[in-house]
Amino acid sequence: MPAVDQHPWPQAAAAVRDWLAGPATSGDLAAARAQMGFSLAWHIVVACLGVGLPLLTLIAEWWGVRTGDPSYRLLARRWARAMGVLFAVGAVSGTILSFEMGLLWPGLMGRYGQVIGLPFAIEGIAFFIEAIFLGIYLYAWDRLPPRVHMLTAIPIIIAGVASAFFVVCANAWMNQPRGFTVRHGRVVGVDPLAAMFNPASPPQTVHMILAALMVASFLTASVYAVSLLRGRTDRYHRAGFFIPFVLGAVVSPVQLVVGDWIARFVADYQPVKLAAMEGVLTTSSHVPLTVGGIAGDHGIKGGLEIPNGLSLLVGFSPSTVVEGLNQVPPAQRPPITGTHLAFDLMVLGGLFLIGLGVWLLLAWWRTRRRGESDPLARRGTRLFLWLASFSGLAAVVSLECGWVVTEEGRQPWVVQGVLSVRDAVNPAPGLMTGLWLVLVVYAAMTVATVYVLRRLAGERPVPVAPQEADVTGYPVV
């Protein structure tokens with residue numbers, strides 16, 4: 001019988017212990033960034049639905065109460081059930097993110113948690129308010145008068161928007177750190193309100209809230225666009241398309257204006273990020289606007305150049321000077337190709353959605369002019385619906401690309417000019433294991449969420465909760 005110290009299990013345990021005791025590697029840093037990026041990319045879509053879907057549900061319910069049309073009431077009930085599922089899933093993914101902030105980035109939270117803790121605390125209060133009124137809204141359909149029941153949706157909408165606002169305020173602080181002083185290597189003189197309401201907060205929060213409304217609207221509309229293409233042209237499916245699509249079409253042009261606002265803010269406060277977005281290597285005037293292409297030794301190569309375009313956009317004059325990446329050392333320059341292409345895709349997706357909105361507006365105007373009532377009965381409807389079925393995907397891609405620009409354009413800083421990503425990451429090794437675990441968890445959540453939502457959409461009629469009578473007498477095609 002072998003001696004205890006010769007047994008393979010203690011030797012294996014010692015090897016694991018030695019591995020865990022070793023320093024973190026560059027692979028661990030990449031794993032931490034990948035894990036955080038993937039978690040955020042997944043959660044942000046659900047969070048956007050949490051901001052926009054309650055508003056869509058309230059509009060459908062209000063119109064159903066106003067007109068007495070059961071199709072709108074049925075839409076409201078189905079969307080409300082989806083809203084409940086997505087809220088639960090978002091709570092899980094949001095909890096994972098909160099743990100990741102502390103586990104993956106202790107250099108950030110340990111040192112600056114007292115500075116940016118306030119918006120996270122207020123977001124927690126908004127979350128609980130949303131949860132309370134969501135429970136009331138879901139289970140009081142037939143226990144409250146219709147108009148009183150609609151009022152219970154208003155706190156859900158406000159709390160959802162507030163959650164997005166306060167979380168983005170924390171991210172805005174990473175772009176424009178304020179509200180603290182570093183003295184002898186320690187953070188002192190903390191002013192949480194100044195940190196939360198930093199110069200980046202107004203443009204970033206407005207941009208994000210509008211993006212959330214667009215994602216929720218176009219994702220919902222795209223589902224019903226597919227149904228209309230398949231011949232389900234009853235009032236229920238038409239209303240399911242028009243309500244969210246019209247909201248998205250109204251918000252999209254506003255987002256274009258806000259996008260210009262935030263781009264000018266970046267030009268004034270984060271010129272290095274703008275230089276990465278447009279591949280500007282050298283500070284100069286008469287800078288062209290480049291669409292597409294990849295980074296080369298002398299800027300973006302293979303793209304379409306619009307002469308003087310960037311100088312005109314930044315300062316309304318071809319002679320406007322645009323700062324280049326040569327203003328900072330090479331180690332402090334963001335990746336150009338990824339940031340540039342993500343920015344172009346974001347803009348392209350937004351213009352595509354605005355174009356669809358203009359198409360529907362023109363179809364409606366021509367329909368009214370000819371005394372007709374259905375803008376989707378005109379020629380070219382199938383092409384429009386086919387393109388509209390991709391509107392949800394376009395909105396999500398634009399959203400994700402916008403966040404890539406925000407985060408990649410700030411590299412190598414996690415807090416602009418104050419704390420680098422490398423100094424903020426957890427120095428413990430083995431972070432790659434966490435990445436694989438998170439990927440498995442999110443894959444399971446994705447499958448479960450899609451399965452439940454498909455079951456809810458496929459039920460005929462809508463499942464009845466024990467304490468409520470559902471919409472009856474309406475045939476769902």
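D69 is buried in this predicted model. Its relative accessibility is 13%, below the 20% cut-off, so the residue falls in the buried class. The side chain of D69 meets that of R235 in a salt bridge, with an N to O distance of 2.4 Å. R235 sits in helix α9, whereas D69 belongs to the loop between α2 (26-67) and α3 (70-104). The pair therefore ties together parts that are 166 residues apart in sequence. R235 has a relative accessibility of 49% and counts as partly exposed.

The structure holds five salt bridges. Another of them joins R77 and D142, whose closest N and O atoms are 3.5 Å apart. This pair also links distant parts of the chain. R77 lies in helix α3, and D142 lies in the loop between α4 (106-139) and α5 (146-151), 65 residues apart. R77 is buried, at a relative accessible area of 8%. D142 is partly exposed, at 42%.

D260 is partly exposed, with 35% relative accessibility.

Aromatic contacts were examined next. The count comes to 22 aromatic pairs. In one of these, the rings of Y224 and Y236 have centres 6.2 Å apart. Their planes stand at 70°, so the pair is edge-to-face. Y224 lies in helix α8 (residues 201-229) and Y236 in helix α9 (residues 235-269). The pair thus ties together parts that are 12 residues apart in sequence. Both Y224 and Y236 are buried. One aromatic cluster is formed by F218, F241, F242, F245, W359 and F384.

W173 is located in helix α6 (residues 153-175). With 0% relative accessibility, W173 counts as buried. Beyond its neighbours within four places in sequence, W173 is in contact with L108, Y112, V115, I116, R178, F180, A195, N198 and V415. The C-alpha atoms of W173 and A194 are 9.5 Å apart in space, and the two residues are 21 apart in sequence.

The elements giving two or more residues to the patch are α12 (336-369), α13 (381-388) and α14 (391-408). Helix α12 gives the most, with three residues. L345 is found in α12. This leucine is partly exposed, at a relative accessible area of 42%.

Model confidence was considered last. The protein chain averages a pLDDT of 86, and 88% of the residues score at least 70. Over residues 12-23 the pLDDT is below 50. Beyond near neighbours in sequence, that stretch has seven contacts in the model. The pLDDT also stays under 50 over residues 461-468. For residues 461-468 the model has 17 contacts beyond four places in sequence. Where pLDDT is low, the predicted coordinates should not be read in detail.

Definitions and conventions: Residues are numbered from 1 along each chain as its sequence is written. This is a predicted model: local features need pLDDT of at least 70, side-chain atom pairs count only at pLDDT 80 or more; totals for chains, interfaces and linings use all residues. Side-chain values use heavy atoms; hydrogens and water are left out. Helices (H or I, at least four residues) and strands (E, at least two) are DSSP runs, numbered from the N terminus. Buried means under 20% relative accessible area, exposed over 50%, partly exposed in between (1.4 Å probe, protein chains only). pLDDT is the predictor's confidence in each residue, from 0 to 100. Contact means heavy atoms within 4.5 Å. Rings of Phe, Tyr and Trp (its six-membered ring) pair if their centres lie within 6.5 Å; planes under 30 degrees apart count as stacked, over 60 as edge-to-face and the rest as tilted. A salt bridge is a side-chain nitrogen of Lys or Arg within 4 Å of a carboxyl oxygen of Asp or Glu.
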